[in-house]
Amino acid sequence: MGASVMVIRTTITLIAILTGAGVSPSFAEMIRVRSGEHTGFTRIVVDVGAPSGWELGRDGSGYILRVSGLDVTFDATDVFRRITRTRLATLALDATPGVLRFGIGCACHATATADGNGNIIVDIADGPPAAGSPFESQLTPTVPPRQDKKAAEPIRTRSYPATRDRAQDVEKTIDLAPLWRGDNLSGLASRGVPDQVHGKHRQMPDTGRTDVGGSGDAKLHMYTDPSVAEAQERLLLQLSRAAAQGLVEVAPTEPRGASAHAASDDTASAADRRPKVDAHETPEPALHVETSFDRDMPSTAAHPPVSATGAACLPDANFDLAGWGDDRPAAAQIAERRRPLVGEFDHPSTEAVLSLARLYLHLGFGAEAGAVLSAFAVETSDGSTLRDIGAVLDGGVAEAGSALPALTSCDTSAALWAVLALPQLLPGTDIDEAAVLRAFSALPVHLRRLLGPGLSDRFLSVGSEQAARAVRDAVARSPQNTTESLWIIDAQLGLALGDAGAQLEKLEDLALSNGSLSTDALILAIKSRLARGLAVPTGLIESAEALAFELQDAESGEVLQHLHILARGSANDFDGSFDAYRRWISDPPNHFQRDTALKLFAMLAGHDSEPDFLAAYFANRSELYAADPDASLRLTLAERLAASGFTEEVRKLVTADAARSEQGRRLLARAATVEFDAAAAIDKLAGLRDTASETLRAEALAMAGDHAAAARAYVSAGDAEAAGRELWRAGDFSGAAANPPEPLRAALNALHAAGFGSAGEAGLSAEPVSDSVQELALPGPLARGKALVEQSRAARSAIESMIAATSDAGSR
């Protein structure tokens, strides 16, 4: 416990002495900062609580708010819970008390007012500031000297002599107020201090400080106040004892690798003998101090933020495209980055290669960035990320196995590129929309114009209309001409909201123009028509074919070829579609080509003309099997073929998973009945009890001669007339008479009228006709003979009707 107390005390002493900054015992006033998002502007409210002096002004690309009062600090913890970073990119507390910094992430301006309660209202609105706005003048905060009331109070420290006898511990009061204020301490040397303390330091009379090593901004200085010097001496003693006991770890003072650069000449000057340190390298601290709480608590540095899937989130610096180039001509920047590519002994510089690739990405040249990385065989993690960014810029997706698509939920710029790197967004994907929109707004204007339509389309695909509108607004804020980009995004929004007619017409006009985004408009126009089952106009088909040939080596070339083939199919030109497909595919076809074939056959399955369907199917079915259709497409095509009686082709299509499905089993049963294989049909239908299956089972049972079972199956299917017909064929005349089909009903009624009993009597056996005639009590033999002839004629007609009805039933 004593050692722990010693380490804590030495830590406080170290901060007070070596940093030259005092810790004021007083507490600053806490001011709450609130926020709200509104149409056209973002509002920040600083709850001062009482009228107070303040001023708002420019500081570089952002703004500074300074509130009067030395002990003012701000509580801004909830600001970004209520607003996005579209307008207000950052909100930072300045080192100067009472100063708040606003980082602006858009083409916006800030204004400020104060209400009667003393609250300061800062509005960050879209567009340029008004002429002569007082808030556009530069405002640079200054650090006022702190005048804490208790600053002059001494700190009491306990120093321990070299002996470990705690009975000899003495307390000494050290006045550190002059140290906190930065005063010259040379006048304090008159205090009584042991000579050995003075002898250990080199006096610097000009500054009143002692240089204890380092140079430039890295110097640490020791003040020569005798009391301070004594405290320093005791601190070093305590740290030495703690290091010997394993409580403090002291790192080497030389940076890593310094020994390799140190001069070996004994006659060299002290400056020459110092280690050579890279100007960009931050020397490691010689002392690391932490408490047991720090040691045992999870460290954010050791455990970086992760996405919802557990993947480590890449930092914003990995996607800083805006900072990877500047406004100079592209040729000048490229030449500057190419010069240091190859260094000594013709060895390529990895950092130079990465720097050039980043510049290409800043300019929007994805393919060029990938070519540079491949030419110099850069296989670092940074290189992999740059390749993915380049693929996205060229309209593609991330490489197979890339970790980038899993980072959609990260609170960094990685979320933007993860969304764009996916082939499509699936509903339910965890996306940090605020991070995506923040990163998109920070992109250079030309990249916002390039990526805006694709990002908006992805948001709309998962129903995020508000995010899509935010993308549109970010593109609209560009000072450059962005009409075409806005047209495309507006068209996407209109199509998503059901306004297809006007938006498609606008897209098609843009697609047939020579604008920079005409290709994107063409792709969107054809996709929109295909998604709605509409025929693609001839002009768009021809444009897609021409551009597909022109851009065949680019990723967009494949997309255009895919859309050109499907567009011909939408216009019922299946011969032209399949011819174009065969000219395009590789051997074997790749995934994208197989997908095109499957969509084309699905389109063919919905074609109305039976002759055209059969002709196109049998002429191109080899392409179907090469594309390996899924069970759903197999069953759809088999339905069309079964209706036309092509049972052998049905059996070829309905295999594996398709054959195990209920629809597949019914199709195979239907094919079996067409081929008069009743047993196979009954076997395929085992266990199926839906209406279609019962009807097929009844047909198979009737084919097998089991008419009674067939009648029961028809009853289960709800077909009473068919059940009555099967009962008649089974000899159950009573059951047949209950629900007979219409021809049989008419025949039975005719027999009844002819004197053969009631139509509802079993067997339909009647009394002899002669007995019935005798009951008529006709006046003479001629009349009776005439009546018998009429009855015979009616009976014959009824029997012929029953024969015809039975024959019709047999044919069914």
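In the predicted model, threonine 111 has aspartate 123 of strand S9 as its bridge partner. Strand S8 (residues 108-114) and strand S9 (residues 120-126) run antiparallel and are joined by seven bridges. Five residues lie between the strands of this hairpin, and glycine 118 adopts a positive phi near 90°.

The largest nonpolar core comprises 58 residues, of which Ile389, Leu416, Trp417, Phe440, Leu455 and Phe459 touch the most other members. Elements giving two or more residues to this core include helix H10 (366-375), helix H11 (381-393), helix H14 (445-461) and helix H16 (483-496). Helix H9 supplies the largest share, nine residues. Apart from neighbours within four places in sequence, tryptophan 417 is in contact with Phe319, Leu321, Ile389, Val392, Leu393, Leu404, Leu443 and Leu451. A second, separate core has 30 residues, among them Tyr581, Phe613, Ala616 and Leu641.

Helix H22 (residues 591-605) has 15 residues, which at 1.5 Å a residue should span 21 Å; the end C-alpha atoms are 21 Å apart, in agreement with this expectation. At the start of H22, a side-chain oxygen of asparagine 590 comes to within 3.1 Å of the backbone nitrogen of phenylalanine 592. The buried residues of H22 are Gln593, Thr596, Ala597, Leu600, Phe601, Leu604 and Ala605. In an α-helix, residues three or four places apart point the same way because there are 3.6 residues a turn. The buried residues of H22 pack against helix H20 (555-570), helix H21 (574-584), helix H23 (610-626) and helix H24 (631-643).

How values were computed
Residues are numbered from 1 along each chain as its sequence is written. This is a predicted model: local features need pLDDT of at least 70, side-chain atom pairs count only at pLDDT 80 or more; totals for chains, interfaces and linings use all residues. Side-chain values use heavy atoms; hydrogens and water are left out. Helices (H or I, at least four residues) and strands (E, at least two) are DSSP runs, numbered from the N terminus. The expected span of a helix is 1.5 Å times one less than its number of residues. Buried means under 20% relative accessible area, exposed over 50%, partly exposed in between (1.4 Å probe, protein chains only). Contact means heavy atoms within 4.5 Å. A polar contact is a pair of N or O atoms within 3.5 Å; within protein, one must be able to donate a hydrogen and the other to accept it, and residues adjacent in sequence count only if both atoms are side-chain atoms. Two strands pair if DSSP finds at least two bridges between them. A nonpolar core is a set of buried Ala, Val, Leu, Ile, Met, Phe, Trp, Tyr and Cys residues joined through side-chain atoms within 4.5 Å.
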